[in-house]
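Hi,

Here is the structure I promised to pass on.

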Amino acid sequence: MTSALGAAALVLTSLGTVAAAPASATPASATICGFFKTSTDAYYRHCTRDGSHVVIKVKVALARDHELCVRPGTTWLGSARKIQGAYYVGRTC
């Protein structure tokens with residue numbers, strides 16, 4: 001049963017699910033894929049082996065949400081106070 005849960009987690013991670021991170025996470029952290037925050041900033045880390053660029057939806061407090069095309073690696077999204085989350089929308093750009 002443990003291996004089935006591990007496999008499911010791996011599949012979800014590869015599909016770009018949102019990953020929560022502790023407030024002490026740094027943008028250079030290679031273990032975090034998806035959305036994460038530090039105490040001051042919000043980031044999205046696109047983990048890929050094929051070099052693809054993907055579209056994410058950025059959830060913004062008291063403003064319009066927007067889509068953003070991100071390349072592999074870590075993209076700064078804005079202030080942690082303003083950015084509420086971000087997730088892969090299922091298409092490349």
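This is a predicted model: local features need pLDDT of at least 70, side-chain atom pairs count only at pLDDT 80 or more; totals for chains, interfaces and linings use all residues.

Below is what turned up, starting with the ground rules.

Residues are numbered from 1 along each chain as its sequence is written, and side-chain values use heavy atoms, with hydrogens and water left out.

The sheet: three strands make an open antiparallel sheet, ordered S4-S3-S6. (Strands are DSSP runs of E with at least two residues, helices are runs of H or I with at least four, and both are numbered from the N terminus; two strands pair if DSSP finds at least two bridges between them.) S4 (66–70) and S6 (83–92) are the edge strands with a single partner strand each, so one side of each has no neighbour in the sheet. From one strand to the next, the twist averages 30° (axes are lines fitted to C-alpha atoms, for helices over the stretch in contact, with angles from 0 to 180 degrees between N-to-C directions). S3 (residues 54–60) pairs with S4 over five bridges, in the antiparallel sense, and Ile56 has Leu68 in S4 as its bridge partner.

The disulfides: there are two, counting any pair of cysteine sulfur atoms within 2.5 Å.

- Cys33 is joined to Cys47, S to S 1.9 Å, and the link is left-handed with -100° about the S-S bond. Cys33 sits in the loop between helix H1 (2–14) and S1, and Cys47 in the loop between strand S2 (41–46) and S3, 14 residues apart.
- Cys69 is joined to Cys93, also with S to S 1.9 Å, but this link is right-handed, with 85° about the S-S bond. Cys69 is in strand S4 and Cys93 in the segment after S6, 24 residues apart.

Taking the bonded cysteines in sequence order, the pairing reads 1-2, 3-4.

How accessible are Cys47, Cys69 and Cys93? Cys47 is partly exposed at 34% relative accessibility, as are Cys69 at 42% and Cys93 at 45%. (Buried means under 20% relative accessible area, exposed over 50%, partly exposed in between, with a 1.4 Å probe and protein chains only.)

The aromatics: the structure has one aromatic pair, Phe36 with Tyr43, stacked at 5.4 Å centre to centre and 20° between the planes. (Rings of Phe, Tyr and Trp, the last by its six-membered ring, pair if their centres lie within 6.5 Å; planes under 30 degrees apart are stacked, over 60 edge-to-face, the rest tilted.) Phe36 is buried at 0%, and Tyr43 is buried at 11%.

Cheers
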